[in-house]
Amino acid sequence: MQNAKPAFKRILLKLSGEALMGDDQFGINHSTIVRMVDEVAEVTRLGVEVAVVIGGGNIFRGVAGGSVGMDRATADYMGMLATVMNSLALGDTMNKAGLTARVMSAIGIEQVVEPYVRPKALQYLEEGKVVIFAAGTGNPFFTTDTAAALRGAEIGAQIVLKATKVDGVYSADPKKDPDAVRYTTLTFDEAMSKNLGIMDATAFALCRDQKLPIKVFSIFKHGALKRVVMGEDEGTLVHV
Ligand SMILES: Nc1ncnc2c1ncn2[C@@H]1O[C@H](COP(=O)(O)OP(=O)(O)O)[C@@H](O)[C@H]1O
Ligand SMILES: O=c1ccn([C@@H]2O[C@H](COP(=O)(O)OP(=O)(O)O)[C@@H](O)[C@H]2O)c(=O)[nH]1
């Protein structure tokens, strides 16, 4: 196993914003973010180029909670700004851990974060830097899962890795249905026709059209990211 090579050269890792809370009620839990960064560092040491999209649900979710009654687009812009905060925290933690991270934003906010420019992002990845895509797609009515699909396709990632609160895609939401069973693999068409709420249809459709597979796995399981990157059996693969 010593000489085993990673299954992918370039990955797009989608990290759940909500998972950043750890056991806290909201915000960013220090030990949780440090652990996530350690796991990313482990796969960069294997020579894998890593781009990251992080959510914002730990700070703000456009469609829920405090945003009730708000204009949807305004609430979504707040959600995008929340992802900028998470991206800055993640980049800072990565830099302290010895990685070189670059945060790029989909919305203009130059004094804080450099803008997303695709060739620049590709250059950073080739240089071995971790690129963190902030502010989702830059558009309201989308999610960071769709941003992960979009950026993954743009940078030519071989796979989108969704690190989330559950350990794969289930026949129903496992948090609501104890009888739900986990799939090892399934097709995009199955995932969409069965309305498996793990990701929104826009993200699934984009990945399906671009033939970009998605792996869903648990963000809480130690070593799961490395196992996924090594092509080992972990989580659920959604494919064409
Ligand atoms: N069919 C399903 N399989 C797995 N999880 C599902 C399914 N349907 C709904 N979910 C829910 O989707 C959640 C993950 O999606 P989301 O809230 O977008 O997470 P993230 O914070 O990672 O973006 C899980 O915590 C799970 O409760
Ligand atoms: O392209 C995007 C990405 C995100 N958002 C907003 O940002 C919030 C946070 O992102 P998400 O819910 O995807 O984060 P996560 O589920 O990973 O915590 C969303 O609810 C949306 O309000 C948006 O409007 N457009």
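Q: How do the residues of the shell around ligand 2 divide into nonpolar, polar and charged?
A: There are seven nonpolar, 13 polar and four charged residues in that shell. Here Ala, Val, Leu, Ile, Met, Phe, Trp, Tyr, Cys and Pro count as nonpolar, Asp, Glu, Lys and Arg as charged, and the others, Gly among them, as polar. A word on the source: this is a predicted model, in which local features need pLDDT of at least 70 and side-chain atom pairs count only at pLDDT 80 or more, while totals for chains, interfaces and linings use all residues. Residues are numbered from 1 along each chain as its sequence is written, and chains are lettered from A and ligands numbered from 1 in the order in which they are written.

Q: Which residues are the closest to ligand 2, and what makes a residue count as near?
A: A residue is near a molecule if its C-beta atom, placed from the backbone, lies within 6 Å of it. Ligand 2 is surrounded by 24 residues, and the closest are Gly 55, Gly 57, Gly 62, Gly 79 and Gly 136. Helix α2 (72-96) gives the largest share of the shell, six residues.

Q: What makes the protein as compact as a globular protein of its length?
A: Its secondary structure consists of seven helices and nine strands, where helices (H or I, at least four residues) and strands (E, at least two) are DSSP runs numbered from the N terminus. The radius of gyration, taken over C-alpha atoms, is 17 Å, close to the 18 Å that the globule rule gives for 240 residues, so the protein is as compact as a globular protein of that length. That rule is 2.2 Å times the number of residues to the power 0.38.

Q: Why are β4 and β7 called edge strands?
A: Two strands pair if DSSP finds at least two bridges between them. The nine strands form an open sheet in the order β4-β3-β5-β2-β1-β6-β8-β9-β7, with mixed pairing. In this sheet β4 (114-115) and β7 (185-187) each pair on one side only, and they are the edge strands.

Q: How do you know that β1 and β2 pair?
A: Six bridges join β1 (residues 10-15) to β2 (residues 49-54), and these two strands run parallel.

Q: Why is Met 104 called buried?
A: A residue is buried if 20 or more other C-beta atoms, placed from the backbone, lie within 10 Å of its own, exposed if 12 or fewer, and partly exposed in between. Met 104 has 22 within that distance, so it is buried. This residue lies in strand β3. Among the residues that Met 104 touches are Val 113, Tyr 116 and Phe 133; contact here means C-beta atoms within 7 Å.

Q: Is Phe 141 buried or exposed?
A: Phe 141 has 12 other C-beta atoms within 10 Å, so it is exposed. Its place is the loop between β5 and α4, and its phi is near 70°, a positive value in a residue other than glycine.

Q: What makes Lys 211 exposed?
A: Lys 211 has 10 other C-beta atoms within 10 Å, so the residue is exposed. It lies in the loop between α6 (201-209) and β8 (214-218), and its phi is near 55°, a positive value. Most residues other than glycine have a negative phi.

Definitions and conventions. Two residues are in contact if their C-beta atoms, placed from the backbone, lie within 7 Å. Lists of a residue's contacts leave out its neighbours within four places in sequence.
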